[in-house]
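Here are a few friendly notes to read alongside the model.

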Amino acid sequence: MKRTAKRLLTTGMNRMGFEFHLTRHWRIEPWNTDAEFLRVMEGVAGRTLVDPVRCYMLWQQARSTAPLGGDVAEVGVYRGGTARLLARTVQPTGRTVHLFDTFAGMPAVDAARDLHREGDFAETSLDEVRAFLAGSPNVRFYPGFFPQTAEPVRDTRFSFVHVDVDIYPSVRDCCAFFYPRLLPGGVMIFDDYGFLSCPGARQAVDEFFADKPETPCYLPTAQCMVVRACTAP
Ligand SMILES: C[S@@+](CC[C@H](N)C(=O)[O-])C[C@H]1O[C@@H](n2cnc3c(N)ncnc32)[C@H](O)[C@@H]1O
């Protein structure tokens with residue numbers, strides 16, 4: 001009887017379009033318990049749009065790419081939440097984190113592909129984010145429109161890049177700039193790939209990698225991860 005009721009409830013919820021599980025404690029959830037992760041997350045939660053599980057994916061990849069050397073970049077900083085997470089995570093490894101954003105809101109979107117609008121995410125400023133990251137000496141700021149702001153890092157190689165820009169033209173430009181500068185084994189994470197609110201982001205990634213040896217891997221967090229082929233120059 002109890003089992004039938006559970007089955008009916010689960011089936012009903014799933015048919016309504018919800019992903020519903022009655023089984024509890026079926027997996028470990030280190031984003032709730034890992035002391036080192038929770039320490040670097042201090043102060044981040046109120047300053048980011050990225051939930052703790054996605055932050056945990058960033059934390060893991062930022063750490064695991066340390067042996068490659070190279071630098072770290074984030075495009076799409078907004079109020080500095082994930083930037084602080086990355087800066088604190090890689091500081092012990094000596095890597096610099098390069099931070100790109102207009103710090104004044106979303107630039108022009110592709111209206112045929114994007115649902116966001118120009119000027120979204122304007123509730124921030126370079127001064128405010130600088131102050132928020134004052135405890136991280138390993139960050140560099142590049143305010144303005146990316147890729148126009150990327151000239152100072154044109155000769156830099158990267159081991160980890162976080163792309164959190166939501167819209168087609170920006171994701172396309174991030175792929176074009178960072179892919180050739182990504183070290184073999186280096187990782188790019190695209191935050192918005194699986195969000196219904198960001199169809200242009202997914203299209204830009206899929207188009208760019210269609211003729212590349214790497215296959216973008218979709219994560220259950222709605223992020224997408226690309227690992228640069230080890231045979232890359
Ligand atoms: C979703 S927010 C980033 C969220 C942030 N990572 C966090 O922790 O909450 C997206 C950001 O991308 C920035 N952005 C999008 N395209 C850009 C471009 N081409 N150049 C500079 N900034 C861009 C916007 O200004 C906005 O602040």
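How do helix 6 and helix 7 lie to each other: roughly parallel or roughly antiparallel?

1. Helix 6 and helix 7 are roughly parallel (an angle under 35 degrees). The axes of helix 6 (residues 168-178) and helix 7 (residues 199-209) cross at roughly 30° and come within 7 Å. Axes here are lines fitted to C-alpha atoms, with angles from 0 to 180 degrees between N-to-C directions.

2. A word on the basis: this is a predicted model, where local features need pLDDT of at least 70 and side-chain atom pairs count only at pLDDT 80 or more, while totals for chains, interfaces and linings use all residues. Residues are numbered from 1 along each chain as its sequence is written.

3. Y168, V171, R172 and C175 of helix 6 make the contact (C-beta atoms, placed from the backbone, within 7 Å) with G200, A201, Q203, A204, V205 and F208 of helix 7.

4. Helix 6 has these buried residues (20 or more other C-beta atoms within 10 Å of their own): Y168, S170, V171, R172, C174, C175 and F178. Their cover includes strand 1 (71-75), strand 4 (158-163), strand 5 (182-190) and helix 7.

5. Please look at the ligand too: of the 21 residues around the ligand (C-beta atom within 6 Å), T48, G76, G81, F146 and S170 come nearest. Helix 4 (81-90) and strand 2 (97-101) each supply at least two residues of this shell.

Methods: Helix = DSSP H or I, 4+ residues; strand = E, 2+ residues; numbered from the N terminus. Parallel < 35°, antiparallel > 145°, perpendicular 65-115°, else oblique. Contact = placed C-beta atoms within 7 Å. Buried ≥ 20, exposed ≤ 12 C-beta atoms within 10 Å, placed from the backbone.
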